[in-house]
Amino acid sequence: MTVVFETILVANRGEIALRVIRTCKEMGIRTVAVHSTADKDSAHVRAADAAVQIGPGMPRKSYLSAPAVIEAALRTGADAIHPGYGFLSEDPDFAEICADNGLVFIGPRPEVLARLGDKSVARELMTDAGLPVLPGSPGTVDSAAEATDLAARIGFPLIIKAAAGGGGRGMTVVRRQSELLPAYRQTRATAQAVFGDNRVYLERFCDSARHIEVQVLADGHGSVLHLGERDCSVQRRHQKLIEESPGPGLHKELTAAMARAAVRGARAVGYTGAGTFEFLVHDEGFSFMEMNCRIQVEHPVTEAVFGVDLVREQILVAAGRALGFAQEDLVPRGAAVECRVNAEDPARNFAPCPGTLEEFVPPGGPFVRVDTHGYAGWRVPSQYDSLLAKVITWAPERDQALDRMDRSLAEFRIAGPGVHTTIPLLREVLADPAFRNGKHDTSFLDTRP
């Protein structure tokens, strides 16, 4: 195929940086990695055609530093930047700076990022597009008195969310009136500290809901397609541990309605690229939560079921190409499961466990994919997310995919002084009858003995 970009700088680290670099290589595109001093020996640095150190280990002085990333791109002759997930991936200012410097940002347009990045504005946009949303505040809540008035109308339990939030951070569940004001003040303080924006909004909280999301792809030529749903209900502290596609036990009419809603929502805001609509499925149906304007951590389960390289499609769309397939071409096949292997100790409330990996042997076998940047001798840094690897298994039937996952996790050998992982917990979940039967929801881990 004709090369769409000569050089892409990957503005990220870890497994997602490595995953993007691999697709670029398959497309004949030169790659540039950026890294902090803490990541100088990281696998993504070794895999890229060129690498630039952009700062110290602290993220805000390296991976979150737009000037450092832009300078690296210009210095190395990059013509596009792939932001991965997290860091600068949903920063509209960064996307605009890219454009100002003649660099293609591989993602939605800055103005779309700005509107959807504000979760309270996204609620309003999707309401206008006809998507169902949970009862909540009409916008952000700017005072304790306003929070009190709105809580009386919404009822308890409710959840306070940071308008600029993401990644499961900046959210507080409030179950009774006495908790409201302390939670309101604390969530605003957290939002300011983490996102630099203290605005929050309120929404009804569902205790026993399924977290279901729909993958979409859209180009700049009017085509908006969906690639089915993912069930991401197994979570700890609002962060996902296991994802799968399709969602087990969901009626086809329900998932079809969610897919139509996602396409309608993406079309309404002029979305381009890969994106994800997150929904809650509850007794009354489903409700829009938020849209993620980037590639997701859990995208491989969709790739496994639909046979589409989502990063490749992101790159082609960013280059102005039309999607090369139609909705009727996207036929799901079988079932896929992803488990996140984190360097954490579940017995100590998922405390991060940085340290040197003396042994690191990923599993293999048929229909097993492992996305990881780990290797024996590498030191897991303390400054970043604790994700070590993603194990993805596929099979014609869900039970077989789960059995294959359990076998794969049993094979995975990770050892080092002080290093613990989530593998034992993941295997417990895989063996749990409720999970096996698709009867789990977002409270699953919280309610286990």
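Two strands are taken to pair if DSSP finds at least two bridges between them. The legends below describe close-up views of a predicted model.

**View 1. Pairing of strands E4 and E5 in the predicted model.** Strand E4, residues 80-82, is joined to E5 by 2 bridges, and the two strands run parallel. Because at least two bridges are required for a pair, these 2 bridges qualify E4 and E5 as paired strands. Ala80 has Val104 of E5 as its bridge partner.

View 2. Five strands form an open sheet with parallel pairing, in the order E3-E2-E1-E4-E5. Strand E3 (50-55) and strand E5 (104-105) lie at the edges, each pairing on one side only. Helix H1 packs on this sheet, where it touches strand E1 (7-10), strand E2 (30-36) and E4. The direction of H1 makes about 170° with that of E1. Helix H11 lies across E1, E4 and E5, and H11 runs at about 150° to E4.

**View 3. Strand E1 and its partner E2.** E1 and E2 run parallel and are joined by 4 bridges. Within this pairing, Leu9 has Val32 of E2 as its bridge partner. E1 is covered on both faces: Thr7 and Leu9 are buried on one side, and Ile8 and Val10 are buried on the other.

**View 4. The crossing of helices H1 and H11.** Helix H1 (residues 14-26) packs against helix H11 (residues 310-318) at an angle of about 65°, and their axes are 9 Å apart. This angle makes H1 roughly perpendicular to H11, since the range from 65 to 115 degrees counts as such. The crossing of the two helices is right-handed. H1 contributes Arg19, Val20, Thr23 and Cys24 to the contact, while H11 contributes Leu310, Val311, Arg312 and Ile315. By class, the residues of the contact of H1 with H11 comprise 5 nonpolar, 1 polar and 2 charged. An α-helix has 3.6 residues a turn, so residues three or four places apart point the same way.

View 5. Helix H10 (residues 299-306) is largely enclosed by the rest of the structure, because 7 of its 8 residues are buried. The buried residues of H10 are His299, Pro300, Val301, Thr302, Glu303, Val305 and Phe306.

Definitions and conventions
Residues numbered from 1 in each chain as written. Predicted model: local features only at pLDDT ≥ 70, side-chain atom pairs only at ≥ 80, totals over all residues. Heavy atoms only, no water. Axes fitted to C-alpha atoms, helices over the stretch in contact; angles between N-to-C directions. Parallel < 35°, antiparallel > 145°, perpendicular 65-115°, else oblique. Left-handed = near helix turned anticlockwise from the far one by under 90°. Contact = heavy atoms within 4.5 Å. Nonpolar A, V, L, I, M, F, W, Y, C, P; charged D, E, K, R; others polar. Buried < 20%, exposed > 50% of the residue type's maximum accessible area, 1.4 Å probe, protein only.
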